[in-house]
Structures are given as C-alpha cells and as structure tokens.
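Hi everyone, thanks for making time this morning. I'd like to walk you through a structure, so let me put it on the screen first.

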Amino acid sequence: MFGKRTSIFRFCFISFLLILFIQACDLKHQNQETTEPRYIVTSPELAEILAAVDGTDRIYGITSECDYPLQLAPKKVVGTFGKIDIEKVIALKPSLIFTSGLEQDKITADLRKIGLNPIQIYPKSVSGLLEAITTIGEVTGNVDRTRILRDSLSKIVTDAKKSISGLVKPKVYIEIYGSPIMSVSRESYIGELIELAGGKNIFSGLSREYSRIKPEEVVLKNPDVILLTYPGVRAEDILQRKGWGIINACRNSRIYSRKDLDPDLIIRATPRSLRSIYKLREIFYEK
Amino acid sequence: MRNRFLFFLGFIICFLVLSYLFLYFKAGSQEIVISIRIPRFLLTLVTGFILAGLGYVYQIVLNNPLAEPYILGISSGAAFGSILAAVSGLFLLMPLFGFIGAVLTMFLVWQLARLGGFFSSTKLLLSGIIVGLFFSALISVIMYFNQKDIGNIINVLMGNLGHVFSNLEWTIFRYILIVSLVIMLYLFSQSEKINIISTGDEIATSLGVNVTRLRKLLFLLGSLLTGVVVAYAGIIGFVGLIVPHIVRILTRGNKRYNLILSACGGAFFLLFCDFIAMHLTIVELPVGIITSFLGCPFFVFILVKNK
C-alpha cells in the first residue's frame, strides 16, 4: 500500500517537472531587421536573372547548382536545389530569399515559418520569364534597367515569331532523360523555345510538361532532328537503339548532344536562353 | 555498485558533451541555436526516447525479438498521411495528417486483429504487416506520380529530424511533448508488469497481471506515440529494433531498469547519429542512413564481445 502511493506520487512529481521544463522552452522567432539588401538565391535560373537585373554584388548565398555567371563562384553555398541548410541561410542574415518551384515549395514554406522573407518565382514559359524579370526588377529597385532588358528580350521573341512563319518546319524530338526515355510538351519552357526557333516538337501534345514516352512512338513520328539534353549520352548511343535506324534524324546523322549545345542554355528560363533561340535555329535549318 | 556508479557518471558526461556540441557546433549565432537547434534537440531526444522505449516494450509484449514500434503498420499509415499532405501542397499540415494516418491505421489493425472473436499477438502482428504493406503500396503510387515531391517523400521515409517549426507549431508540439512524456512515464511505472509478461502469459496471469488488458493498453498508447514520432520525424529505422537488444546484452538480463535504460540509450544514440547526419556532408543526410550505418557495426561488436 505504502509502495503504491509513493510510486503514484513519484509519477506525478516527475510529470510536473517535465511540464515545467518543456513550458520553459518557449522560443519565438523574431523577424531579423537588416538595413542593406542581402539576397540569397536558391535556383540557377533565378541566379542568372538576378545577376542580369541587379548584378552579383548583393547576392550573399547560392545553391551548388548556381554556376552562371562565373562571379557567383565565390559566394557561400547554402545547399542544393532540393535540400537547403536553413541554419546557413539564417547565418547570412538575408533581407530577401529568391526561391523557385517544384522541390522548393516546401523549402519556401519552411523559410516563411521561421520568419524569413522568401519570394517564390518559377517561370514556366517565355511570358513567365518576362514577368519574373519584371518582378525581380521591382523588388531589387532596378525598374529602368529591367525595362530595357525586358524590351530587348521581347523583341527577340517577336522577331523569332515573325521570321519562322511560312517556313517548312523540321520535326524535332527532344530527349531530356534516357532511362526511361522522357520528352517535353509544348507547355514546357524547352517546348516553347523549340517552336520559337522554328522546330516542330513531335511530342508537343503530351499531357504533362515533362513526361515518359514510348520508343515506338518516336519511330512512328519519324523526327528530322534529335536533341539530347542529359549527360552521358552520345549520338552513337541513339544510332544503336534497335529499330531507330530508319528514323530520318539517324539516317542523316542529325543527332545533337551536349557537346553541340549546352543544355543549360535551353533548360533554364533565363535571358541568355532567349538568345539561344538563334543557336537552335542553326541546328534545325542546317544545310 | 561502484562500477555502476562510474558507468552512470560516464554516460551523463558524454551526454552533456554531446548536447553541447549538438547545440553549438558551427551554430554561427544565438538566433540559430534558439530557433533551429533547440527544437531539433528536443525532437531528437524525444524521438529516440520513444522509439527505443517502445521497441523494448513491444519486443516483450509481442513476445518477438524482431518487434519494433513500426512493426504494427503504424509507420506506413502515418507516412502515407504525411506524404499525402506534402503532395497536396499542405506542408503545414504534414504532422497533423501523419498523426491522423497513424490513428486510422491503428484502428484498422485493431479491427483486423479482433476478427474471429479472440485476440492474439500473432494475429496482431500479421494484421500490422498486411496493413503496412498496403500503405507502402499506396506510398509507391504517390511517389511514382509525384516525382517533384520526391525530396519530401524521402524525408518521411528515411527520417528527418530537421523539421522546421513555426511559432504556432512549436507551441502545439510542446503540448504533444508533454503528453507523450507523461505516457512514457506511465509505461515506466508499468515496467514491472511488462517484465512479468516476458515470463509467459500463464505465469503472468497467475501472478495477477491482466495480460490481455495490459497488451491492448500498451498497443494503444504505443501507437499514439509512434504516430507522434513519424508525424514529426518520419520513419527512423534501427533505433527501436536494436537499441533494446544492446541494452539487454550489456545489462545481461538485469530487467528492472531495462525500459528506462533503453529509452535513454535510444535518445543518446539518436542524438549522436543526428549530429553526424547534420555535419558529415555539405547537405544534411537522412538520419535513418546514419543510424543503420553506425548501429550495425556497433551491434556486431557488442555481440562478439559478449558471446
């Protein structure tokens, strides 16, 4: 009887101590006050846009994928596109953090939770890119400079559209991944660039932007040009695929891989990607 | 007596050193310690504490050395809930969904185990495994169709103690923490009865323990605690399965304090693993990888030394 009462008393006493201890851990995040603008940018696309609009001086942190322009190389790396070290972000005391979409939805939510100031920009199309440039120009206070950049880029787009009307368009197959093989629809950014450069994307009608496709469909649709954007693949690998030899592109050896065109130029929605429309056109209308 | 005292003292000193390193190593500023490290510290401690403690209880109550907190399917159910919230974009609700998933799974397993009118630990295990497999298949489907959320899904499936708390979430978590620890204390107070079960149902019953009732109660409370852990930290393997065995080998069957020792050992072990996971590479590793990586050789070492 005596033993039982002591153990209940001990139980209550320890519970009480626990409650006291845990209630003492009442921590609150405070918004950090910073005077000068300090930016962290977590996607290579946004890094390029930001550098084009505002320069690289006020960028204090990047992710490991941000490799262009080269002035970003000495900046502090706060993680990768998919996994960001929040402690490093806080340590840099950023006034503004530029985050992208996809895997970064959760990262953006987490940054907001602890009272930081993320701004999420994920351009999915050419018009989205122009909008992103405007937004970044506004938040960094570069409205005039942005307007010039934007106008010159819009001009590239309208010129491109004008110059391709009436041409006989080559059929283009873009392979963004090899196992399983994947291509892009017209809704994707690369898909849009291909059409602007005067190519006819054979998978433009896919239901998802980036999607798995069947190899027999490629053979059936018989593209004139094949563009490979992922690492570790050579034109010869495509020629050796069973049954692909009858495709026009294979017969005329018009298969282009990373050594012909840097995929970062067309995969990332950036100002320089619009200038690469000309390069794409050279590839499509060679001969 | 003297030996035990020294061991205890050593453990406390190691624990304090580790805690200090965990909180301040490369922390940069006080702000980081307060808003990131302390919540992580408490989450890690309570996760290891609960997992290893429950592992010990389950291994005895289910009479199976392979039992662990996740064996009853709870983890898959909770993971499914969290992942569902993540792919719907409801990141703030991930813990809530995880917890709801755990509770629903628990009732499902419970009902399956009761089919046929009687209740046995074998049936309970089987229903747990079946329900777990079913939810794993559902998770695979979600993974296949939501490639962009793969990072979040990996966090849930391989364990991630770096949950970012907002002020509101932290307040809620503190209450959950209190409830969980009080439940753990209750389990400690029942540890004598739990140990009696390990001698066999007949003997335990003859000693005045209501075995069926105690099993049900432990199962319910255990599932709740597992739900809390998975909701915040994802699925962290190894701790619940191996730490109790290590403690059992080290204490050589001295059962009186094994439950408490398991729980504390689990907390210490997980704290160490998470510290490594945080600092080993530039990008933080999922802690589940580290637990098995460090734990398996350690287990073999202990096994060989005490053969």
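Predicted model: local features only at pLDDT ≥ 70, side-chain atom pairs only at ≥ 80, totals over all residues.

**A walk through chains A and B**

Now, the overall dimensions. The C-alpha atoms of chain A fill a box of roughly 95 × 55 × 30 Å along the principal axes. Of the 287 residues in chain A, 36% are buried. As for secondary structure, chain A has 13 helices and 12 strands.

How is chain A divided into domains? The assignment gives domain 1, covering 39-122, and domain 2, covering 165-284. Taken over C-alpha atoms, the centres of these two domains of chain A are separated by 30 Å. Six residues of domain 1 of chain A are in contact with six residues of domain 2 of chain A. On the domain 1 side, the residues that touch domain 2 are four nonpolar and two charged, with no polar ones.

Let's turn to the strands of chain A. One open sheet has four strands in the order β9-β6-β11-β12, with parallel pairing. The edges of that sheet are β9 (200-201) and β12 of chain A, each of which pairs on one side only. If you zoom in on β11 (residues 225-228) of chain A, you will find two bridges joining it to β12(A), and the two run parallel. There, L227(A) stands opposite Y256(A) in β12(A).

For antiparallel pairing, have a look at β7(A) and β8(A), which are joined by two bridges. These strands form a hairpin with two residues between them, and Y177(A) stands opposite M182(A) in β8(A). On to the next pairing: β8(A) is joined by three bridges to β10 (residues 210-212) of chain A, again running antiparallel. The bridge partner of M182(A) in β10(A) is R212(A).

Which residue is joined to S179(A) by a cis peptide bond? It is P180(A), with omega at about 0°, and P180(A) is found in the loop between β7 (177-178) and β8 (181-184) of chain A. A cis peptide bond also joins Y68(A) and P69(A), where omega is about -5°. P69(A) is in the loop between β2 (59-62) and β3 (76-77) of chain A.

Next, some phi angles. L102(A) is not a glycine, yet its phi is positive, near 50°. You will find L102(A) in the loop between β4 (96-99) and α4 (104-113) of chain A. L102(A) counts as partly exposed because it has 16 C-beta neighbours inside 10 Å. S253(A), also not a glycine, has a positive phi of about 40°, and lies in the loop between α10 (248-251) and β12 (255-256) of chain A. Is S253(A) buried or exposed? With 12 other C-beta atoms within 10 Å, S253(A) is exposed.

Over to chain B, and helix α11 (residues 239-251). At 1.5 Å a residue, its 13 residues should span 18 Å, and the end C-alpha atoms are 18 Å apart, so the two agree. The buried residues of α11(B) include V239(B), L241(B), I242(B) and V247(B). What do the buried residues of α11(B) pack against? They pack against α2, α12 (258-279) and α13 (287-305) of chain B. Just after α11(B), R252(B) takes a positive phi of about 50°.

Finally, the place where the chains meet. The contact takes 31 residues from chain B and 30 residues from chain A. On the chain B side, the elements that give two or more residues are α2 (30-61), α6 (150-158) and α7 (167-189) of chain B. α7(B) gives the most, with nine residues. By type, the chain B side divides into 18 nonpolar, nine polar and four charged residues.

That's my tour, and I'm happy to take questions.

Technical notes: Residues numbered from 1 in each chain as written. Chains lettered and ligands numbered in written order. Contact = placed C-beta atoms within 7 Å. Nonpolar A, V, L, I, M, F, W, Y, C, P; charged D, E, K, R; others polar. Domains from an automatic or database assignment. Expected span 1.5 Å × (residues − 1). Buried ≥ 20, exposed ≤ 12 C-beta atoms within 10 Å, placed from the backbone. Pairing = 2+ DSSP bridges.
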